[in-house]
Amino acid sequence: MKATALLTAALLLISVIPAKSFGNTPISVLVANSVTNPPNQTYSTFVVFRGILLGGLTRLQASNQGFGFTYTEDPNYGPFLQSVNGLAGSAEERTYWQLLVKKPNNSIIIPDVGIGCYIPAANDQIILKYSTY
C-alpha cells in the first residue's frame, strides 16, 4: 500500500512539472523558393521540449515581422502548410510548399508527417521549400 501511494505521488509530481523546465529546442527555418529563386531567408526560433513544428512556426510568426505563414486544417491529415511570407501554393500553377529537414549531420530528410506532428530535434534546420510538381 505504501509503495502504491509513493508511486502515485511520484506520477503526480512528474505530471505537474512543466515541459518548459526541460528547456527549449533551438531550430532554424530556411525559406527557399526553387520556382523564382529569390535569396533564401533564414530565421531562428525554438520549440518547447518535445513540441511540434507548428508551435515553433507560430512563435516565429509572432516574434518576427518578416516571417508569416498560413495553413489549413485537413480533417484527415491535420495542418497543411498553405503559404509562407505571402506566397501560396497553387493547383493551377502546380506549386506547393515542401517540408524538408536538414539534420545536424547535414543529411536532409523528408518527414513522413507535417507541421502539426513533426517534433524537431535540437539544431534541426527546417526547410520550407516552394516547389513545383
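Mentor: We'll take the fold, then the sheet, then the aromatic rings.

Trainee: What should I know before reading numbers?
Mentor: This is a predicted model, where local features need pLDDT of at least 70, side-chain atom pairs count only at pLDDT 80 or more, and totals for chains, interfaces and linings use all residues. Residues are numbered from 1 along each chain as its sequence is written, and side-chain values use heavy atoms, with hydrogens and water left out.

Trainee: How many helices and strands in the protein chain?
Mentor: There are 2 helices and 8 strands. These are DSSP runs, numbered from the N terminus: helices are H or I with at least four residues, strands E with at least two. The pattern along the sequence is α-β-β-α-β-β-β-β-β-β.

Trainee: What order do the strands of the open sheet take?
Mentor: The order is 2-1-8-6-7, with mixed pairing. Two strands pair if DSSP finds at least two bridges between them.

Trainee: Which strands stand at the edges?
Mentor: Strand 2 (41–48) and strand 7 (108–109). Each has a single partner strand, so one side of each lacks a neighbour in the sheet.

Trainee: And strands 6 and 8, parallel or antiparallel?
Mentor: Antiparallel, with 8 bridges joining strand 6 (residues 95–102) to strand 8 (residues 125–132). Thr-95, for one, has Thr-132 as its bridge partner in strand 8.

Trainee: Where does helix 2 lie?
Mentor: Helix 2 (residues 53–63) lies across strand 1 (24–33), strand 2, strand 6 and strand 8. Helix 2 runs at about 120° to strand 2. The axes are lines fitted to C-alpha atoms, for helices over the stretch in contact (heavy atoms within 4.5 Å). Angles run from 0 to 180 degrees between N-to-C directions.

Trainee: New topic. How many aromatic pairs does the structure hold?
Mentor: The structure holds 5. Rings of Phe, Tyr and Trp (its six-membered ring) pair if their centres lie within 6.5 Å; planes under 30 degrees apart are stacked, over 60 edge-to-face, the rest tilted. Tyr-43 and Phe-67 are edge-to-face, at 5.2 Å centre to centre and 65° between the planes. Tyr-43 is in strand 2, and Phe-67 is in the loop between helix 2 and strand 3 (69–74), 24 residues apart.

Trainee: Is Phe-67 buried or exposed?
Mentor: Phe-67 is buried, with a relative accessible area of 3%. Buried means under 20%, exposed over 50%, partly exposed in between (1.4 Å probe, protein chains only). Tyr-43 is buried too, at 9% relative accessibility.

Trainee: What about Trp-97 and Tyr-130?
Mentor: They form a tilted pair, 5.1 Å centre to centre with 50° between the planes. Trp-97 lies in strand 6 and Tyr-130 in strand 8, so the pair ties together parts 33 residues apart in sequence.
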